[in-house]
Amino acid sequence: MTTVADFGVLNGKTIAFIGGGNMAGAIIDGLLKAKAEQGLDLTLSVSDTDTDKQAQFIAKGVNAVSPEQAEQIITPADVVVLAVKPQVMGVVGASIAPYLSSQLVLSIAAGLSVATLSQMLGGYTNIVRCMPNLPASVGFGASGLFADGISETACQMAEKVMQASGITAWVKDENLLHAVTAVAGSAPAYFFYVLENMIAKAVEMGLSPDDAHALAVQSVCGAGALAINQDPATLREQVTSKGGTTAAALESLYADDVGQAFARAMQACSDRSVELGAVLSQA
């Protein structure tokens, strides 16, 4: 369990979210949980066009305003989280740039490089770029972070904002965020696909849909929990008896080249991430 000391760098801080979509909501929920459980003095604010979302955030104790009022939450903020779609970041960036002075800007917008973000923010450079993933919504996020030339304290703040809803990993080369996308950002979809097919086959074999779903999902969760602190290859060997049922299943997977299929899928994901980043930087 994360301790109060781990989040000490956020104590007394104000964090403003520009955009209140699903990922922003997940990060905010994680921060609210840390605030409640660990007694943090932490102020959270969000700007969003949807009045219903504003009301939902206010009900949680988050200050919510319209984009036209964004100056009210940006000016006093220590951290500004950019959580709008990449396609509108240019317009949004231009609208908030006049209110930036020394705040840390943390972007969770896919595909927008630090250089592109800086340009959209009128040359502002105190920026951390983040590649989060969907499991942040249940506290199991995995995020990649990149920054260049900013303070250690700013990096620590960005890290703790994201660790409130999962784990983080820093990359030294921004291009490695394409690999982060392949192994974490898009990866939940790979496992959803595997689960879909496992459940369908189990039902075909005679199990009820509910039982098939419960058993398959629990098996994936259990395997993940075991692999947190142990080598996956070692675990695979431990559960595989020579000539047994698991060995038969693995032989079938080897014959179908499933390992390389995953490798090709990850490469396709990374390649597409590169392509989209190039398109967005020219937009």
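How many helices and strands are there in the chain? The chain has 12 helices and eight strands, where helices (H or I, at least four residues) and strands (E, at least two) are DSSP runs numbered from the N terminus.

This is a predicted model, in which local features need pLDDT of at least 70, side-chain atom pairs count only at pLDDT 80 or more, and totals for chains, interfaces and linings use all residues. Residues are numbered from 1 along each chain as its sequence is written, and side-chain values use heavy atoms, with hydrogens and water left out.

**View 1. The whole chain.** The C-alpha trace spans about 65 × 40 × 35 Å along its principal axes. Of the 283 residues, 42% are buried (buried means under 20% relative accessible area, exposed over 50%, partly exposed in between; 1.4 Å probe, protein chains only). The accessible surface comes to about 15,300 Å², and carbon and sulfur atoms hold 57% of that surface; the areas come from the Shrake-Rupley method with a 1.4 Å probe. Among contacts (heavy atoms within 4.5 Å) with a separation of 6 or more, 62% join residues 24 or more positions apart.

**View 2. The annotated binding site.** An unreviewed UniProt entry places a "binding site" at Ile 18, Gly 19, Gly 20, Gly 21, Asn 22, Met 23, Ala 83, Val 84, Lys 85 and Pro 86. From this set, Gly 21, Asn 22, Met 23, Ala 83, Val 84, Lys 85 and Pro 86 belong to the lining of the second largest pocket. A pocket is an open set of points on a 1 Å grid over the protein atoms alone, where a 1.4 Å probe fits, with protein on both sides within 12 Å along at least five of seven lines; lining residues have an atom within 4 Å of a point. UniProt positions follow the numbering used here, feature names are shortened, and annotations may be inferred rather than shown by experiment.

**View 3. Gly 20 and Asn 22.** Gly 20 sits in the loop between β1 (13-18) and α1 (22-38), while Asn 22 is in helix α1. Gly 20 counts as buried because its relative accessibility is 5%; Asn 22, at 71%, counts as exposed. Leaving aside residues up to four places away in sequence, Gly 20 touches Val 46, Ser 47, Asp 48, Lys 53 and Phe 57.

View 4. An automatic or database assignment divides the chain into domain 1 (8-177) and domain 2 (186-269). Their C-alpha centres lie 34 Å apart. For residues 174-276, UniProt (unreviewed entry) lists "domain: Pyrroline-5-carboxylate reductase dimerisation". That span is 81% helix and 0% strand, with its end C-alpha atoms 15 Å apart.
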